[in-house]
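Me: Please take one part of this structure and look at it closely. I would like to follow how that part sits among its neighbours.

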Amino acid sequence: MPNVALYDMKGEVIGEIELSENTFGQPVNKAVMHQVVVAHLANCRQGTQSAKTRSEVSGGGKKPWRQKGTGRARQGSTRSPQWRHGGVVFAPKPRDYSQQVNKKVRRIAMKSALSSKVLDSELIVFDELKLENAKTKEMVKVLNAVEAKKALIVLSDMDDAVIRASANIPNVATTQVGTLSVYDILKYEKLILTKESAAKIEEVYC
């Protein structure tokens, strides 16, 4: 089973924590992680783009000039794509970009992402993460103590003080175990857990 250092809020190592082999010690499957990240980004797209084709723009009902004898190119409508105020060729229309990924595939991707953080020594586990006041400078001290400049903080439950203290720090985000995603894990350099959140992740993805 993988063992990682256990830190206090001063950044000092106070022991080790043994993580589940089934969750944090799995082979890293890059192909599956890529599939899940692509699906996540696709599902974030609104798909509300829209432009008018030549059949939808107003005007253009009359042929601008006769077919022959003018010396000009033949035209059938003033709303053809080459005309000013004409329609758009292959105009984008609202569409659904969402992709479906099997539950088993998502689970493999999540375990791969968590395991990759352990293998790359980018997983930081705190004994506890409690702030007396929701002050940004207090959270900065905690992150600087463990040299985490670009980090995702995973909380076991809603902690208003930690969330508010982290909100204004660049390249730092907070989430909870229930909303954790493969994209978020891979996006940030460091993954910060607490003993409680690590236990909850093992319980969910055992």
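Reply: In this predicted model, I153 stands opposite I192 in β6. That strand is the part to look at. β4 and β6 pair in the parallel sense, over three bridges. β6 also pairs with β3, again in the parallel sense, over four bridges, and there F126 stands opposite T194.

Next, the side chains. In a regular strand they alternate between the two faces of the sheet. In β6, K190, I192 and T194 point one way, while L191 and L193 point the other way. Both sets are buried, and β6 is mostly covered, with five of its five residues buried.

L193 deserves a separate look. Apart from its neighbours within four places in sequence, L193 is in contact with F24, L123, I124, V125, F126, V154, A198 and I201. The largest nonpolar core has 32 residues, and L193 is among those with the most contacts inside it, together with L123 and I201. β6 (190–194) and α7 (195–204) are among the elements that each supply at least two residues of this core. Its largest share, six residues, comes from α3.

That leaves α7. Its buried residues are S197, A198, I201 and E202. Seen down the axis of α7, they fall within an arc of 140 degrees, so they line one face of the helix. E196 and E203, on the other side of α7, are exposed. The buried residues of α7 pack against β6, and also against β2 (13–18), α1 (21–24), α3 and β4.

Terms used
Residues are numbered from 1 along each chain as its sequence is written. This is a predicted model: local features need pLDDT of at least 70, side-chain atom pairs count only at pLDDT 80 or more; totals for chains, interfaces and linings use all residues. Side-chain values use heavy atoms; hydrogens and water are left out. A nonpolar core is a set of buried Ala, Val, Leu, Ile, Met, Phe, Trp, Tyr and Cys residues joined through side-chain atoms within 4.5 Å. Buried means under 20% relative accessible area, exposed over 50%, partly exposed in between (1.4 Å probe, protein chains only). Contact means heavy atoms within 4.5 Å. The arc is that of the directions from the helix axis to the C-beta atoms. Two strands pair if DSSP finds at least two bridges between them.
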